[in-house]
Amino acid sequence: MAKRKRQQDYHTKRMKAVQEGSNEQVLLADIRDLLHKTRDLSVHDPQEVKDHNLESTEVEAPSDPPERFSEIEVQISTLSSLGDGLGFSSTTDHVYVVPFTLPGDVAKAKVVTHLAEDHYTLTDFISVLKPSPQRNDDLVRCPYFAKCSGCQLQMLSYEDQLAHKREIVEKAYRNFSSLTPEMIPVIGDTIGSPMQYGYRTKITPHFDGPPGCMSRKARKNPSEQEGFKEVPPIGFMIKGTRKTMDIEDCPIATDAVRDGLRRERKRVGEEISKYKRGATILLRETATRTPIRSQPPAINDPHPAPNGAETPSPIHLTTQPANLQQDTSNNNLDFPNPTTYTETKTYITDQNALSTERIGPYTFLNPAGSFFQNNNSILPTFTSYIRTHILPPTSSPIHVKETKPINHLIDAYSGSGLFTITLSPLFKSCLGIDIAPSSIASARKNATLNNIGNATFVAADASQIFAQAGHLDADKTVV
């Protein structure tokens, strides 16, 4: 009877179709790649991956599938695009997904969810029985690693992490681009971040409500709902669960954000009696620059501290002299002369307050709760790369064939104007398009703040991009 029940578990059909673009679709493509390679198939059929949303047929399950919540030994074969290890246990016709593992690891894992129709099982990581040559646990700097869902690859060298990210892009083209193999471009090396820790400028820890806070009775009579009897865990989700684990510090966050986490945890603990439900805490870094009096004032400075910014203790101020150096990677850019100033970094908790980010000579103000690149250490390199490659090189066939200069830029999904503004010196006109009116409002303010006169921003669906830009000469426009 028990064996029959296990077989029924394996043959349970998927209740929902896999959504296009979902993590599950990406994982399923990686699993099918691994199964194809394991079966020594010489040709990978990308159409099979794309047809996975079709109603699946039942397949023969492994002869003796492990029971749910039992512990198994898994030999990890490859790393998925989602950062989880994929491997085999007793047979090679069924894949086990094991978080926090690397190719070459032999891991102990707990069986959680069987998806027999797709030949894989989700597991929880327990331990490493035999480490991979790639594994270096001395690199791990977070005490919550291998439990917290925030990071997955701290035990992998940064060089290998960058190689893995390149492979993710290669697999995305192969599995989802609909391009023939000869049409898929060669993917270059991944450009690394100057910082691997202490870089993240925004985190959103949270805590769950007291027991029973989401019950029908509590929702019907909020005034009668009991509050917290003790301070709940404040942090992030445990990997593979909906449970929150207590996180006292996050080493990938900047010093200002880490300071904010300590202060906000203390504040919530002191005010927990005021809460009837769980809450999310926003921590966004912001910076103010003050010109040194003996030097000319910096462009667009000084900015007043944004509303909602916490006043940091002098002990935690990040105040340092800095030089704004001219970027000589592209002579078409107009950078100001070097300016000396002091910079103070602190944090914001109000999602509607404005945070300040600076990239070279440009200043960006954004609502703290809105999207902006969370690693500002990479932004100078990131934007310089785009500036260098946005136009074809003079020796390329495109440039030789081109008889008209490219004068116009269309920035789809422009957000608050990061690329539209930093690329604006290269074009006569720039058009930024984003579906979010709030992002467009920020982009317009940022263009004004940076004295950009050739940029226009429109709130529209970027998929209808040419309805907004039909007046531009296609031969003179880059998207």
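Trainee: Which helix is Gly269 found in?

Mentor: Gly269 is in helix 6. Helices are DSSP runs of H or I with at least four residues, strands are E runs of at least two, and both are numbered from the N terminus. Bear in mind that this is a predicted model: local features need pLDDT of at least 70, side-chain atom pairs count only at pLDDT 80 or more, and totals for chains, interfaces and linings use all residues. Residues are numbered from 1 along each chain as its sequence is written, and side-chain values use heavy atoms, with hydrogens and water left out.

Trainee: What decides whether Gly269 counts as buried, partly exposed or exposed?

Mentor: Its relative accessibility. Buried means under 20% relative accessible area, exposed means over 50%, and partly exposed is in between (1.4 Å probe, protein chains only). Gly269 comes out at 28%, so it counts as partly exposed. Its C-alpha also lies 5.8 Å from that of Val231, which is 38 residues away in sequence.

Trainee: What makes something a nonpolar core, and which residues touch the most other members of the largest one?

Mentor: A core is a set of buried Ala, Val, Leu, Ile, Met, Phe, Trp, Tyr and Cys residues joined through side-chain atoms within 4.5 Å. The largest has 29 residues, and Ile203, Phe207, Val268 and Leu283 touch the most other members. Helix 6 (residues 255-271) gives the most to this core, with three residues. A second, separate core of 21 residues includes Phe372 and Leu409.

Trainee: How do you know how helix 2 is oriented relative to helix 4?

Mentor: Two packed helices are described by the angle between their axes and the distance between the axes. Axes are lines fitted to C-alpha atoms, for helices over the stretch in contact, and angles run from 0 to 180 degrees between N-to-C directions. Helix 2 (residues 23-38) and helix 4 (residues 158-176) pack at about 90 degrees, with axes 11 Å apart. Under 35 degrees counts as roughly parallel, over 145 as roughly antiparallel, 65 to 115 as roughly perpendicular, and the rest as oblique. That makes helix 2 roughly perpendicular to helix 4. Contact means heavy atoms within 4.5 Å, and here the residues making it include Val26 and Ala29 of helix 2 and Arg174 and Phe176 of helix 4.

Trainee: Why is strand 14 called largely enclosed?

Mentor: Five of the six residues of strand 14 (residues 354-359) are buried, so the rest of the structure largely encloses it.

Trainee: What makes strand 14 and strand 15 a pair?

Mentor: Two strands pair if DSSP finds at least two bridges between them. Strand 14 and strand 15 (residues 362-367) have six, in the antiparallel sense, so they meet the definition. Ser355 stands opposite Asn366 in strand 15. Their hairpin has two residues between the strands, and Gly360 takes a positive phi near 60 degrees there.

Trainee: Why are strand 18 and strand 19 called edge strands?

Mentor: Look at the open sheet of four strands, ordered 18-17-16-19 with parallel pairing. Strand 18 (455-459) and strand 19 (477-478) are its edges, and each pairs on one side only. Strand 16 (residues 408-412) and strand 19 share two bridges in the parallel sense, with His408 partnered by Thr477.

Trainee: How many bridges join strand 1 to strand 2?

Mentor: Four, and the two run antiparallel. Strand 1 (residues 71-79) also pairs with strand 4 (residues 106-115), antiparallel over five bridges, where Glu73 stands opposite Lys108.
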